[in-house]
Structures are given as C-alpha cells and as structure tokens.
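Please keep the sequence and the coordinates in view.

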Amino acid sequence: MVVLMTGFNATSHGSQDFYPTFLQSQLGMDPSQITVITVVGQIGALIGAMCIGYISTFAGRRLTMLTAVVFGGAILPAYVLPTNMSLVASAFFEQFFVGGVWGTSPFTFYLVLY
C-alpha cells in the first residue's frame, strides 16, 4: 500500500506542484494564462477521477490504473513542449489521466460520493 500511494503521489504532485512555476519561468507566461491552464487542468483531474474511477468498477482497478498511467505518460511531451496556449488542452488531458489514477482508489470514491 505504501508503494502504491507513493506512486499515486508521485504522479499527482509531480505533474501539478511545479507546473505553474514552469509556465512562468521557462515559458514566460503571464499570471492570467497560468491560471487558465491550471484551472482547466484541475477540472480535467476531477472529471478524470470520476470517469476512470467509474470505468474501474467494470474493467478492474489494476488494469485501469495502468492504462491511465500509460496514457498520461504518452501525453507528457504535449504537456511540456508547446510554448503557447495549446497547453490548455494537454493540461486537461494530462490531469484527466492523473486524476484517473486517483479515481480508482476506493477512498476517492468515498470522497466523491459522500
């Protein structure tokens, strides 16, 4: 369980915590652009947690987690390489799959449903 939760935290914190700083320091975006990209990404995480979490009840939690991690890894170049506002779409889908990894956790179901 410790290894699983370490992986969950590495995916979420690794893709969310320093991303606004990356957008500001490396891409030179202004605060309004950074806010839009970050908010759209977090909306993607919420939707991903619900959708992929729901799918995991039928497809199995392990398979769904692995699939979300693979798709999230495949989107990673689009999450860091563009230098314009097309990052909004890649942020949404990257966080969709990051949230989807968390959505397979029964604890997340408890938080969303109750």
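## Terms and model

A cavity is a set of points, on a 1 Å grid over the protein atoms alone, where a 1.4 Å probe fits but cannot get out. A pocket is an open set with protein on both sides within 12 Å along at least five of seven lines. Lining residues have an atom within 4 Å of a point. Grid points are joined across faces, edges and corners, and a volume is the space filled by probe spheres set on the points.

The model is predicted: local features need pLDDT of at least 70, side-chain atom pairs count only at pLDDT 80 or more, and totals for chains, interfaces and linings use all residues. Residues are numbered from 1 along each chain as its sequence is written, and side-chain values use heavy atoms, with hydrogens and water left out.

## The cavity

How many cavities of 30 Å³ or more are there? The count is one. The largest cavity has a volume of about 60 Å³. Its lining consists of S15, Q16, Y19, P20, I37, T38, G41, Q42, Y79, A91 and Q95.

Helices are DSSP runs (H or I, at least four residues), numbered from the N terminus. Four of them, α1 (2-16), α2 (19-25), α3 (31-59) and α5 (87-103), each give at least two residues to the lining of the largest cavity. The largest share, four residues, is from α3. By class, five lining residues are nonpolar, six are polar and none is charged. Here Ala, Val, Leu, Ile, Met, Phe, Trp, Tyr, Cys and Pro count as nonpolar, Asp, Glu, Lys and Arg as charged, and the others, Gly among them, as polar.

The largest pocket has a volume of about 220 Å³. It is lined by 20 residues, and T11, G14, S15, L76 and E94 are the closest to its centre.

Which helix supplies the largest share of this lining? It is α4, with seven residues. At least two residues each come from α1, α2, α4 (61-80) and α5. The lining of the largest pocket holds 12 nonpolar, six polar and two charged residues.

## Aromatic pairs

Rings of Phe, Tyr and Trp (its six-membered ring) pair if their centres lie within 6.5 Å. Planes under 30 degrees apart count as stacked, over 60 as edge-to-face and the rest as tilted. The count comes to seven aromatic pairs. Y19 and Y79 are stacked, at 4.1 Å centre to centre and 5° between the planes. This pair links distant parts of the chain: Y19 is in helix α2 and Y79 in helix α4, 60 residues apart.

Why do Y19 and Y79 count as buried? Buried means under 20% relative accessible area, exposed over 50%, and partly exposed in between (1.4 Å probe, protein chains only). Y19 is buried because its relative accessibility is 7%. Y79 is buried because its relative accessible area is 5%. The rings of F92 and F93 have centres 5.1 Å apart and planes at 90°, so this pair is edge-to-face. F93 has 43% relative accessibility, so F93 counts as partly exposed. F71, F92, F93, F96 and F97 form one aromatic cluster.

## Single residues

S15 lies in helix α1. Its relative accessibility is 8%, so S15 counts as buried. A polar atom of the S15 side chain lies 2.8 Å from the backbone oxygen of T11. Contact means heavy atoms within 4.5 Å. Not counting residues up to four places away in sequence, S15 touches A10, Y79, Q95 and V98.

A45 is in helix α3 and is buried, at 10% relative accessible area. Not counting residues up to four places away in sequence, A45 touches Q95, F96 and G99. A45 and S32 are 13 residues apart in sequence and 20 Å apart in space, C-alpha to C-alpha.

## Inside and outside

Leaving aside neighbours within four places in sequence, L87 is in contact with Y19, L23, L27, M29, I37, A78, Y79 and P82. The C-alpha atoms of L87 and G41 are separated by 9.5 Å, and the two residues are 46 residues apart along the chain.

G28 sits in the loop between α2 and α3. G28 is exposed, with a relative accessible area of 61%. From G28 to A89 is 18 Å in space, C-alpha to C-alpha, and they are 61 residues apart in sequence.

Technical notes
Polar contact = N/O pair within 3.5 Å; in protein donor to acceptor, adjacent residues only side chain to side chain.
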